[in-house]
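Please consult the sequence and the structure shown below while reading.

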Amino acid sequence: MALRKSTKLPQTPLIKQILKRCSSLGKKHGLRLDVPKGHFVVYVGENRSRYIVPISFLSRPEFQNLLHKAEEEFGFDHDMGLTIPCDQHVFESLTSMLR
């Protein structure tokens, strides 16, 4: 049986890639973002509701699971911002527990 090399990045480079991608979106499109330092934007649910979340969430396993789902479903290289494949009420419940 042949071993396949995983295409997933280790956690630290993955988090850095996400942060770089999120921080460059506003500059790329000439938008003024209302995102405070230490936070980033995600889009959640069918209507792509916008949420501003603390960067500290990136180190939480619960949030990392959402990021892996986002990577599998959407990838991280698109112009829509970081989109999380999750129902809005589930995301709100999860983030309220992480605060």
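## Confidence of the model

The mean pLDDT of the protein is 77, and 64% of its residues reach 70 or more.

This is a predicted model, in which local features need pLDDT of at least 70 and side-chain atom pairs count only at pLDDT 80 or more, while totals for chains, interfaces and linings use all residues. Residues are numbered from 1 along each chain as its sequence is written, and side-chain values use heavy atoms, with hydrogens and water left out.

## The sheet

Three strands form an open sheet with mixed pairing, in the order β2-β1-β3. Strands (E, at least two residues) and helices (H or I, at least four) are DSSP runs, numbered from the N terminus, and two strands pair if DSSP finds at least two bridges between them. Strands β2 (49–54) and β3 (82–84) stand at the edges and have a single partner strand each, so one side of each is left without a neighbour in the sheet. From one strand to the next, the twist averages 40°; such angles run from 0 to 180 degrees between N-to-C directions, with axes as lines fitted to C-alpha atoms, for helices over the stretch in contact.

In general, strands of a sheet pair through backbone hydrogen bonds, either parallel or antiparallel. Strand β1 (residues 39–44) pairs with β3 in the parallel sense over three bridges. Tyrosine 43 stands opposite threonine 83 in β3.

## Helices on the sheet

Helix α2 (residues 61–73) packs on the sheet and touches β1, β2 and β3; its direction makes about 105° with that of β3. Helix α3 (residues 88–98) also packs on the sheet, touching β1, β2 and β3, and its direction makes about 15° with that of β2.

Glutamine 64 is placed in helix α2. Glutamine 64 counts as buried because its relative accessibility is 16%; buried means under 20% relative accessible area, exposed over 50%, and partly exposed in between (1.4 Å probe, protein chains only). Its side chain reaches the backbone oxygen of leucine 58 at 2.9 Å.

Valine 53 lies in strand β2 and, at 1% relative accessibility, counts as buried. Beyond its neighbours within four places in sequence, valine 53 is in contact with Gly38, His39, Phe40, Val42, Phe63 and Phe91. Valine 53 and threonine 95 are 42 residues apart in sequence and 8.3 Å apart in space, C-alpha to C-alpha.

Methods. pLDDT is the predictor's confidence in each residue, from 0 to 100. Contact means heavy atoms within 4.5 Å. A polar contact is a pair of N or O atoms within 3.5 Å; within protein, one must be able to donate a hydrogen and the other to accept it, and residues adjacent in sequence count only if both atoms are side-chain atoms.
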